[in-house]
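Colleague: I would like to learn how to read a model of this kind, one feature at a time. Could you take me through it slowly?

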Amino acid sequence: MIRLRNVHKSFGSQKVLDDLSLEIPEGKITAIIGPSGEGKSVLLKHLIGLLQPDSGQVDVDGESIVGLRRSHLNRIREKFGMLFQNVALFDSMTCFENVAFPLQEKTDLPKDEIRRRVLSALEDVGLRNIENKFPDELSGGMKKRVGLARAVVLNPKIILFDEPTTGLDPIIKRAIHQLIKDTHEKFGFTAVIVSHEIPDIFDVAQNVAMLYRGKILQHGSPSDIKNSTHPAVRQFISGSLDGPIHMI
Amino acid sequence: MVQALGRVTIGTVRDLGKTGWFLLYSFYMIVRRPGSPVQILKQMRFIGTKSLFVIVLTAAFTGMVLGLQGYYTLAKFGSEGMLGTAVALSLIRELGPVLAALMVTGRAGSAITAEIGIMRISEQIDALETMALDPFKYLVTPKFIAAMISLPLLCAIFDVVGIYGGWLVGVKLLGVNPGAYFYEMEKSVVWRDVYSGVVKSFSFGVIIAWIGCYKGYYAGHGAEGVSRATTESVVLTSVLILVWDYFLTSVLL
């Protein structure tokens, strides 16, 4: 389980997370939704120690990751995989090398076994015969799938998805969501997805938390959120311009 | 006014501390996890081998100018025979290490900053961290090691080509005795001169890798951030090379 307790984070004078508390249950898919620029990616980066809170605690499986030495933090990070918003594939490596990289660096597996696992991971995300291509030669959806293969190849306990479907067409979006559900069913990891894909995300996630003005406004099952009476949650879900959220 | 001054001072001290820490941590990582030999060789090819053309070209013309200027200056005292010594000592002690380092800064230092900067803004460095891997092992230490090995070698090539550039102008064009050119050189250049050139170029290699990697690692946002980091990297590295050269010369003389 991941637990955030009274987390505060500011960048200069801009307060991004304001006394935020949240519990992310083990083995389930939790979606963090909310308007753009409200700090969802910042929250996600706190879970893996890429950002440190100004105050408050972040616990992973009961162990605080705030202020840890790099070696200790790396030990906890071994539980994680992450799919970045811009995928963050290594552009000087081929797709095969990108997916093989964590296996080469973190395991002592022989070359043949690494090759087998990489091809299997790529096949799991529906990609064949692209191993020798560089990320620049792939479409956005294919890059996301290579990123997903790299995130799951070490079979991590927790996977973080930072807006995995942003910028993709509706069919690819649906395919990526289905892929996340299928891989989750297959491997049983804890997933945290930052997304504003309403209503699609309600079909993927088992828990949904809405972030607004640095706090979690509401946290519950997809139906709890869909039936929320909170004006900001209702406005966000309906996509209405009228309500407490002013974007323009 | 006082507040602004305080803010600038604190910011400067913090930046200096961060820069110093970056250098110390890089050396720590060189000892602990130097990176794979393949990565180091790749970087040596990029920093060293690919700089050869520009080094040879610069060295040849620097030696030729030294031959020309040296000849007319020495001719006033009837000491044209000392031309070989003048060219060799200028190159080995000073111009070889400094000019080779400045050329590598322009060619490879800027590219190091741009490469790491782009990896920073496209979250590739974050991706390494999320895999529990230390980015220094993959991005920084191979470049440090490659620069520390390549710079003395490039400097040696610069010296040799420069000496032959001086020989071409002094001996072939202006008629200095070829025996005197090399004999006087051999008599005057001592091991200490060569040693000071090697020490200088080695330390310049550290400066190029240090500032190049540091500026890229902490590049700002977007294309503008990388472009600013690259410019700052070249300017700061060049200035540091010249300042450090003065202090090193005063110690090594």
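Modeller: We will go through the sheets of one chain, then the helices of the other, and then the contact between the two. Please keep in mind throughout that this is a predicted model.

Colleague: Let us begin with sheets; in what order do the strands of the four-stranded open sheet of chain A run?

Modeller: Strands of a sheet pair through backbone hydrogen bonds, either parallel or antiparallel. In chain A, one open sheet has four strands in the order β2-β1-β4-β5, and the pairing there is antiparallel. The edges are taken by β2 (14-24) and β5 (63-64) of chain A, each of which has a single partner strand, so one side of each is left without a neighbour in the sheet.

Colleague: Which order do the strands of the six-stranded sheet of chain A follow?

Modeller: That open sheet has the order β6-β7-β8-β3-β9-β10 in chain A, and its pairing is mixed. At its edges stand β6 and β10 (215-220) of chain A, each with a single partner strand, so one side of each has no neighbour in the sheet. Neighbouring strands of this sheet are turned by 15 degrees against each other on average, direction ignored. For a parallel pair, look at strand β3 (residues 29-33) and strand β8 (residues 190-194) of chain A, which are joined over four bridges, and where Ala31(A) has Ile193(A) as its bridge partner in β8(A).

Colleague: What should I note about the make-up of chain B?

Modeller: Chain B has nine helices and zero strands. Its C-alpha atoms fill a box of roughly 65 × 50 × 30 Å along the principal axes, and 42% of its 253 residues count as buried. Among its contacts between residues at least 6 apart in sequence, 87% join residues at least 24 apart.

Colleague: Why are α2(B) and α6(B) called oblique to each other?

Modeller: Helix α2 (residues 37-47) and helix α6 (residues 135-173) of chain B pack at an angle of about 50 degrees, with their axes 8 Å apart. The two helices are therefore described as oblique to each other, and their crossing is right-handed. The residues making the contact include Ile40(B) and Met44(B) of α2(B), and Ile145(B) and Ala146(B) of α6(B); those of the whole contact divide into eight nonpolar, three polar and one charged.

Colleague: How is Leu236(B) classed, and on what count of neighbours?

Modeller: Leu236(B), which lies in helix α9 (residues 222-252) of chain B, counts as partly exposed because 19 C-beta neighbours are found inside 10 Å, whereas a buried residue needs 20 or more.

Colleague: Finally, how many residues of chain A are in contact with chain B?

Modeller: The size of an interface is often given as the accessible area lost when the parts come together. Here we can count residues instead: 13 residues of chain A are in contact with 10 residues of chain B. On the side of chain A, α2 (70-77), β6 (80-83) and α3 (95-106) each supply at least two residues, and the residues of that side divide into eight nonpolar, two polar and three charged.

Conventions: Residues numbered from 1 in each chain as written. Chains lettered and ligands numbered in written order. Predicted model: local features only at pLDDT ≥ 70, side-chain atom pairs only at ≥ 80, totals over all residues. Axes fitted to C-alpha atoms, helices over the stretch in contact; angles between N-to-C directions. Parallel < 35°, antiparallel > 145°, perpendicular 65-115°, else oblique. Left-handed = near helix turned anticlockwise from the far one by under 90°. Contact = placed C-beta atoms within 7 Å. Nonpolar A, V, L, I, M, F, W, Y, C, P; charged D, E, K, R; others polar. Buried ≥ 20, exposed ≤ 12 C-beta atoms within 10 Å, placed from the backbone. Pairing = 2+ DSSP bridges.
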